[in-house]
Amino acid sequence: MDFELSEKAIDFRSQVKKFIENNLTSEIISNMHKTGTFNDKSFNEALASEGLLAGAVPGYGDRDPVELYLLFNELEKAGAPYDGLAVTMLVAGIINAVGTEFHHEEILKKLLTGKHNCCLGYSEPDYGSDVASITTKAEKVGDKWIINGQKMWTTMAHESDWVLLLTRTNSEVPKHKGMTMFLVPMATPGIEIQPVPTMASERTNATFYDNVEVEDQWRLGEIDDGWSVMGIALALERGVMGGTNPAVPLLKHVLNWAETTPSKNESLMINNNLMRERIARTAIINQVGQLLTLRAAWIAATGGMPGVEGSMAKIYASEEYQKVVGWFQQMAGAEGLLSFGAEDAAAFGWIDYDARHAPVTTIYGGTSEINRNNIAERHLGLPRSR
Amino acid sequence: MSADQEAIRDVFSSFFVEQTGSESARNSMPLGFDVKAWKRLSETGAPGMGVSPPTGGGASLSDLVIVAEEAGAQIAPLPIIDHVVASRVLEKLDLLEEEVLTGTLIAGLVLRPVENGVAKSVPTGAIANRLIALNEDKLLLLADEPPNESLPNHGDLPIAHRVIRNADIIAEGVEATELFDRALNEWKTLISAFLVGITRSSIEITVEYVKDRHQFGKPIGSFQSVQHGLADLPGLCDGARLLVNKAAWAGDKEIDGVINLTDNEISDFATLASMSLVFAGETSIHATDRGLHYHGGYGFSEEYDIQLFYRRARAWSQILNSPSEECLNLADLLLKDSGAE
């Protein structure tokens, strides 16, 4: 097995690293935490004009999924605002896979400029993991569709030009067979966005759809076949688009802190044995997270669908991240509770931030339980338990 | 995996399935060594496979981890890893005897420093005719009759204490420590692969068991609590295998690797070998723990195989040192450029 990246991939990575060095300012990072919007359109635009954004669309052109992984991995390690970009590029990938000429021209091309965003409208107040039970209704009236309902966790809705909306179009058939996907322009009358603040700095939204009228050209995929579009979205997403190395930037902040913070028995925290053991364990976790993600990217690069492998990477990275955050927050004692801007905050508040952020990582993008179901059924061959 | 490596896997997988496995593990107790299987393995030339051609098989570390995983999957009571690693040291010093090359004499490693002339708890101590040990900055070769009796132990391994006397000094100074460090890193990598094999088999055995065992009128493997406990394991097993393969890849490369902790870029052999041992060890402990538990009371009984895997996972994970101590060694490597040390 060769663990050396290809020369092309190494070039791409150094291009990304250089871009980050030149464009990711501390203002951008502090602004994203202040506003809770982990998206920066001018940063995205700069990425696009460097020619780096086309590589961020899964399955697009001749781009290698390893490059896709590298782009998001570097952004993640640098603490850059990439949440909005990841979702937007995922939608670009879905359009690329199943979109019409109209979708390519009207949406995909614009997404590649970095000036526009998309958000995901899958979950509803009553249906999260059981997403196939959603009730937001789309009704065909003449040659138009009328949409009514509510979506939850529509993160970036307030930044977006389109929402990828999963709707119920047929209640007479089994639930998986009666859904249809749309790309609805957010400017359409009848859409309302309400912010949902979270315990970390991230902002998310609830979105309401009241007699929203769209033409049939905004439908993505066949009528009643929205579940297949979901399947493509999940396979494109899992593991490759960031979120599998969250403890890398955390460890960087913790090291800075440990190298400068006095300890009770040793001169500095970095010389404390428990601290050193946990740094070593975190380094192992980061390597394994990287290898599991790269494997998913390799599978995708060779034409496979890394569904199960993506689930493995996601469970591992998110659960270990939570464990690691817990270790370091406790080791930092009272100062591990202090937030950004507070005097003496451990690691300038990063430990508090990561401890606030970590809980969502085993929930969004498919809960650990949904991923375990996936592995149990598709990999271990155990009977369906629901 | 290359076509050659697939061939290696297939050949050794069949060998270990046919010649070892739980029956061999049970029959070779209490010594922890299956003499017959070792003779058959020797007929294939495997004891010399890590030695350069034309004398030996010229296997790379990346080839050897494949063999080690297959051996672990069948908990083979054979000293193949120690023997191959020790042979590679002897070859470098031009001290490889024909009987060691062919497996007629067994060679092993003293993993820890010799104290007051005694090597404690040597994993091949009960059976090795040749032992390589590091005593301060001297590399020693002990040629002595083994006791052929092991200390009763958790993993049914051929463990014994050995007195190191009349041993030849075969290298000194930097050469000695470099040779020993290299051997120890190879040993860590290969034992980690053996532990991946243990993990893999434990998952397979347990999944079969929970599909077969019925309670409340259905297979216990249809209950979500059981499914989720098992669903964690394949990702850990695959992660351990990837890490071990990366360590072997780093060990086979001629150039020095890098350690960049804050960028998560690591290609240094010693670092990856140490990471592998900690991670593959703890993964095997976790997988056998879950596996035994889902067997219910039968898992605890001698009759079922899972307990054999459970005990060997623990034994090989800590025969060198405790995982916490290994993490501290690892931290020394990772933080050697850190200003605070």
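**Figure 1. The open sheet of chain B is built from 4 strands**. In this predicted model, the strands of the sheet in chain B follow the order β1-β3-β4-β6, and their pairing is mixed. At the edges stand β1 (107-109) and β6 (168-172) of chain B, each of which has a single partner strand, so one side of each is left without a neighbour in the sheet. Going from one strand to the next, the twist averages 25 degrees.

**Figure 2. Two helices of chain B are seen against the sheet**. Helix α5 of chain B, which covers residues 80-92, packs on the sheet and touches β1, β3 (130-135) and β4 of chain B. The direction of α5 makes about 90 degrees with that of β1(B). Helix α7 of chain B, made of residues 173-212, lies across β1, β3, β4 and β6 of chain B, and α7 runs at about 95 degrees to β6(B).

**Figure 3. Strand β4 of chain B pairs with β3(B) and with β6(B)**. The strands β3(B) and β4(B) are paired in the antiparallel sense over 6 bridges, and within this pairing B:L134 stands opposite B:L139 of β4(B). The hairpin that these two strands form has 2 residues between the strands, and in this hairpin B:E136 takes a positive phi near 50 degrees. Strand β4 of chain B, residues 138-143, also pairs with β6(B) in the antiparallel sense, here over 4 bridges. Two facing positions can be followed in this second pairing: B:L140 stands opposite B:I169 in β6(B), while B:K138 has B:E172 in β6(B) as its bridge partner.

Figure 4. When the neighbours within four places in sequence are left aside, the residues in contact with B:R200 are B:E69, B:E70, B:A73, B:C237 and B:R241. Although B:R200 and B:A287 are 87 residues apart along the chain, their C-alpha atoms are separated by 8.5 Å.

**Figure 5. Chain A and chain B meet at an interface**. In the predicted model, 48 residues of chain A are in contact with 47 residues of chain B. The size of an interface is often given as the accessible area lost when the parts come together. Between chain A and chain B the buried area is about 4200 Å², and carbon and sulfur atoms give 63% of this area. The count of residue pairs in polar contact between the two chains is 17. On the side of chain A that touches chain B, the elements that give two or more residues are α1 (7-23), α4 (65-78), α8 (247-258), α9 (273-301), α10 (307-331) and α12 (368-378) of chain A. Among these elements, α9(A) gives the most, with 16 residues. Sorted by class, this side of chain A has 23 nonpolar, 10 polar and 15 charged residues.

**Figure 6. B:E265 takes part in salt bridges with A:R13 and A:K77**. Side chains of opposite charge can pair when their charged atoms come close. Over all chains, a search of the whole structure finds 37 salt bridges, and across the interface of chain A and chain B the rule finds 8. In one of these pairs, the side chains of B:E265 and A:R13 meet at 3.1 Å, N to O. This pair crosses between chains, from B:E265 in strand β10 (residues 265-266) of chain B to A:R13 in helix α1 of chain A. The side chain of B:E265 also meets that of A:K77 in a salt bridge, at 3.8 Å, N to O.

Note on methods: Residues numbered from 1 in each chain as written. Chains lettered and ligands numbered in written order. Predicted model: local features only at pLDDT ≥ 70, side-chain atom pairs only at ≥ 80, totals over all residues. Heavy atoms only, no water. Contact = heavy atoms within 4.5 Å. Buried area = accessible area lost by both parts, 1.4 Å probe. Salt bridge = Lys/Arg side-chain N within 4 Å of Asp/Glu carboxyl O. Polar contact = N/O pair within 3.5 Å; in protein donor to acceptor, adjacent residues only side chain to side chain. Nonpolar A, V, L, I, M, F, W, Y, C, P; charged D, E, K, R; others polar. Pairing = 2+ DSSP bridges. Axes fitted to C-alpha atoms, helices over the stretch in contact; angles between N-to-C directions.
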